[in-house]
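Please keep the sequence and the structure open beside you as you read.

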Amino acid sequence: MSVRNELRPKRFKAPPGLRRVVAASMAGTVVEWYEFFLYGTAATLVFSKVFFPKGGNDLDTILAAFVTYAVGFAARPIGGIVFGQLGDRYGRKKLLQFSLLLVGAATFLMGCLPTFAQIGYWAPALLVTLRFFQGFAVGGEWGGAVLLVAEHSPNQSRGFWASWPQAGVPGGNMLATVVLLVLTWTLSDAAFLSWGWRVAFWLSAVVVLIGYYIRTKVTDAPIFVEAQQRALQSKAASLGVVEVLKRYPRGVFTAMGLRLAENTMYYLVVTFSITYLKVQVHANTVAILRWLLVAHAVHFVVIPLAGHLSDRFGRRPIYFIGTLGAAAWGFFAFPMMNSGHNAIVMSAIVIGLIVHGCMYAPQPAAMAEMFPTRMRYSGVSLGYQVTSIVAGSLAPIIAVRLLQTYKSSVPIACYLAATAAVTAVAVLAARETKGVDLATIDLADAQRLAVAAEPVRNAPAE
């Protein structure tokens with residue numbers, strides 16, 4: 001017991017300034033995911049009713065709302081590429097501040113949009129435009145937020161500390177859920193649909209200002225500053241996505257594979273499950289939001305725990321456990337939801353986010369350890385965000401279509417299991433990197449560059 005107590009403070013002891021860096025990264029992540037989750041929830045509860053013409057049934061208008069939801073995912077890789085290249089050149093902090101302001105402005109303006117009844121098809125067109133800018137900003141946010149922490153973290157506890165920005169996702173979701181719960185409790189359905197939902201979007205301005213202020217108080221990690229200075233001295237021009245694909249294709253494609261099941265599962269659990277519970281189980285909105293609130297709270301606790309376990313046992317074992325859970329979840333979770341019993345339905349959602357946390361927590365450290373500092377922002381953003389187009393963006397749409405066609409949850413469970421099979425292959429193909437020194441990765445990269453440049457220097461002059 002005494003040995004364990006002696007080790008615990010050392011294991012979680014943060015270097016000077018790291019806790020502030022974690023707080024700064026989480027502050028922005030909470031803000032941006034408050035806004036992103038708010039859109040996903042509103043797509044089912046509000047947008048399908050106020051921004052689109054009435055369809056033949058509820059699923060038709062919800063499907064239309066989810067198509068606009070997918071636009072944000074399509075914009076995320078573009079944001080990841082642009083922010084990645086600029087972030088590798090000018091620093092993580094500056095780009096994180098800009099992304100926060102951009103997503104905040106887009107979300108606030110969503111709350112100001114006129115409805116379909118007022119301006120017709122201009123309403124969904126404007127919604128899609130703002131959704132694009134929201135997705136573009138979030139695409140640049142993730143890589144910068146996790147790298148700011150990962151590059152400041154000790155080698156032996158990088159998984160734990162770098163998982164905290166991931167915990168900002170359920171933190172933002174909890175905040176959005178609380179706001180929606182308060183509004184639905186205090187307003188009638190008519191008032192909520194008329195103007196109440198807008199308040200949730202307008203409140204984002206408050207959180208954005210708080211997050212922006214916190215982010216002004218941190219600096220880039222020393223290892224990035226050193227890499228930036230070396231690049232300036234050598235006058236090396238970073239080609240961003242082109243160079244990272246040329247130099248580290250295995251890292252990029254492994255990251256994409258790791259992301260597939262994780263991203264698909266998350267949006268089935270937190271977005272499609274709302275639709276399933278409303279349309280198939282006929283649950284009321286307040287009950288659904290309560291279940292999600294509890295699940296997000298559990299998710300918030302599980303993520304840093306799984307990050308710590310990845311430091312102890314490795315990135316791959318923890319990720320593989322999550323992948324196996326994802327393959328099985330749909331087959332038992334939807335029947336649990338069909339029961340209609342509060343505790344059983346809530347358990348299905350909670351289990352889903354626990355399984356997701358096992359995949360989500362090791363991601364920042366594992367992906368950061370795949371690339372050298374000079375192209376790390378580009379590498380992790382590309383690997384993380386491109387997959388969103390075929391995973392998170394399509395998952396609710398595919399699930400709704402499968403439910404429409406087969407009137408059963410089994411095809412949806414099979415779809416999730418298929419994505420888990422792809423991710424399992426990526427986990428097995430990935431290198432175990434727990435405890436690696438990022439400076440060692442940079443040194444190996446410099447040696448590879450030197451070897452590649454040697455034939456050019458030795459070539460005879462013509």
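In this predicted model, Glu369 and Arg315 are joined through their side chains by a salt bridge, with 2.8 Å from N to O; the term stands for a side-chain nitrogen of Lys or Arg within 4 Å of a carboxyl oxygen of Asp or Glu. The pair connects distant parts of the chain, 54 residues apart: Glu369 sits in the loop between helix 17 (363–368) and helix 18 (376–390), while Arg315 belongs to helix 15 (residues 315–338). Helices here are DSSP runs of H or I with at least four residues, strands are runs of E with at least two, and both are numbered from the N terminus. Glu369 counts as buried because its relative accessible area is 5%, and Arg315 is buried as well, at 3%. The scale behind these words is simple: buried is under 20% relative accessible area, exposed is over 50%, and partly exposed lies in between, using a 1.4 Å probe and protein chains only. If you look around this pair, you will find a network of salt bridges that links Arg158, Asp311, Arg315 and Glu369.

How many salt bridges are there by this rule? The count is eight. Another one joins the side chains of Arg259 and Glu262, at 2.6 Å from N to O. Both of these residues lie in helix 13 (residues 249–279), three residues apart, or about one turn of the helix. Arg259 and Glu262 are both buried. Helix 12 (residues 241–247) holds Glu243 and Arg247, four residues apart and again about one turn, and their side chains form a salt bridge at 4.0 Å from N to O.

Residues are numbered from 1 along each chain as its sequence is written, and side-chain values use heavy atoms, with hydrogens and water left out. Since this is a predicted model, local features need pLDDT of at least 70 and side-chain atom pairs count only at pLDDT 80 or more, while totals for chains, interfaces and linings use all residues.

Now turn to Asp88, which is found in helix 3 (residues 58–90). Is Asp88 buried or exposed? With a relative accessible area of 7%, Asp88 is buried. Beyond its neighbours within four places in sequence, Asp88 is in contact (heavy atoms within 4.5 Å) with Phe224, Thr373, Arg374, Met375, Arg376, Tyr377 and Ser378. Phe224 is 136 residues away along the chain, yet its C-alpha atom is separated from that of Asp88 by 8.4 Å.

Stepping back, the protein has 21 helices and zero strands. Of its 462 residues, 58% are buried. Among contacts between residues at least 6 apart in sequence, 86% join residues at least 24 apart. The largest nonpolar core has 125 residues, and Phe47, Phe51, Phe272, Leu277 and Met337 touch the most other members. Such a core is a set of buried Ala, Val, Leu, Ile, Met, Phe, Trp, Tyr and Cys residues joined through side-chain atoms within 4.5 Å. Setting aside neighbours within four places, the contacts of Phe272 include Tyr267, Phe334, Pro396 and Ile412.

Most residues other than glycine have a negative phi. His282, in the loop between helix 13 and helix 14 (285–313), has a positive phi near 60°. His282 is exposed, at 64% relative accessibility. Lys407, in the loop between helix 19 (395–406) and helix 20 (410–429), also has a positive phi, about 55°. Lys407 is exposed too, at 63%.

Finally, a word on confidence. The average pLDDT, the predictor's confidence in each residue on a scale from 0 to 100, is 85 for the protein, and 89% of the residues score at least 70. Over residues 1–9 pLDDT stays under 50, and the model has zero contacts beyond four places in sequence for them. Where pLDDT is low, the predicted coordinates should not be read in detail.
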